[in-house]
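Let's take a quick tour of one spot in this protein. Have a look at the structure, then read on.

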Amino acid sequence: MASTTLYRRARLATLAENDGGLGLVADGAVLVRDGRIAFAGPARDLPAEAAAAAEPVDCAGRLVTPGLIDCHTHLVHGGERSNEFEMRLEGVAYEDIARAGGGILSSVKATRAATDEELLRSALTRLDRLIAEGVTTVEVKSGYGLDLATEARMLRAARHLGKVRNVGIRTSFLGAHALPPEARGDKDAYSRLVADAMLPALASEGLVDAVDGFCEGIAFSPGQIARVFDAARGLGLPVKLHADQLSDLGGAALAAGYGALSADHLEHCSDAGAAALARAGTVAVMLPGACYFLRETHRPPVEAFRRHGTRMAVATDYNPGTSPMTSLLMAANMAATLFRLTVAECLAGITREAARALGLLHETGTLEAGKWADLAVWDVERPAELVCRMGSAPLHRRIRHGIPA
């Protein structure tokens, strides 16, 4: 393939912030040179000499957007938890399932028992479904090992996904996800183990891009999460947080206080928490799949996020227990229908704001010169179709780092 490619006769949704809204260009072109965008905008503004030197690709009027980004997943794990789905249908609460040894601990048992090959093979199946919808970057969390050896195996498997597929992978260490059985109920001791032993060991192996935690009554207190985040800060690693999902423990404010990349879930986030996120530049990640699956009656305070200027991203939260969904477009549809996000907010949420939530906005998430050529070409008439459709992925072509894949 030529080192310079021109995607011509395209309708663009650049998602660039200075373009306002979706950054729509009716007759656009994207010039890709050595894997990066050299030009994206109206075809009339493209220098003739640049166009002449490029290999042309006719988009035939199709819509071109940034490649999609799933900024919150738990793709690597063993086992499945459909039995818990049946239990919830019979009226058993998620918290009760977790306290009885189900929930996350069920996945921990299965993940510890799985071989490296089994972890990789099952994760690839899930990843391929995301790729088929135009996803070019995926965040993958650990957190189903809860011991050093298994957490390391999960993170290595996640890293390997990016070697066998043309996709960007970001790894988050989620050791503070739940309390393992061997901790015998001592959350303080376990959070010290995560902060003082597990995190430094995994970071020294280069397996950690960010550090995550679950701040909740059934998980860890703000003080215990702060201990882990202090360790992350000492290692120069950014943090993220599962915050205010089932109750308001001030998780959003805690995340903001550490300048977190994102705070995720946020169904019980307060107005003060929303304001704190906006001041810190921390992205609020909407996870409508979990809200739907758990039949949660609380909704994230979207109006407060808008009022304060809090950035909003959207992700699948793929996990085996509370959001077994491998469709980012379906997550966008749910964010619109359940949370009342607009089409523009949804599309920004799975591109530009998702990139921001991973600390990657300088490299991807919009169609702008200098960024990686991560593109999705769609067979749709209007951008709204990408949010409106349910159960179909009108993807024509996916390009990552300038390479069709």
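Leaving out residues up to four places away in sequence, Asn319 touches His74, Tyr144 and Pro324 (contact means heavy atoms within 4.5 Å). Keep in mind that this is a predicted model, where local features need pLDDT of at least 70, side-chain atom pairs count only at pLDDT 80 or more, and totals for chains, interfaces and linings use all residues. Residues are numbered from 1 along each chain as its sequence is written, and side-chain values use heavy atoms, with hydrogens and water left out.

**The annotated site**
- An unreviewed UniProt entry puts a "binding site" at Tyr144, Asn319 and Gly321 (the feature name is shortened, positions follow the numbering used here, and annotations may be inferred rather than shown by experiment).
- These residues span 178 residues in sequence, but no two of their C-alpha atoms are more than 11.6 Å apart, so they gather at one spot.

**More on Asn319**
- Asn319 sits in the loop between strand S13 (312–314) and helix H13 (328–339) (helices, H or I with at least four residues, and strands, E with at least two, are DSSP runs numbered from the N terminus).
- Asn319 is buried, at 4% relative accessible area (buried means under 20%, exposed over 50%, partly exposed in between, using a 1.4 Å probe and protein chains only).

**Over to Gly321**
- Gly321 is also placed in the loop between S13 and H13.
- Gly321 is buried, with a relative accessible area of 0%.
- Neighbours within four places in sequence aside, Gly321 is in contact with Arg81, Arg88 and Phe293.
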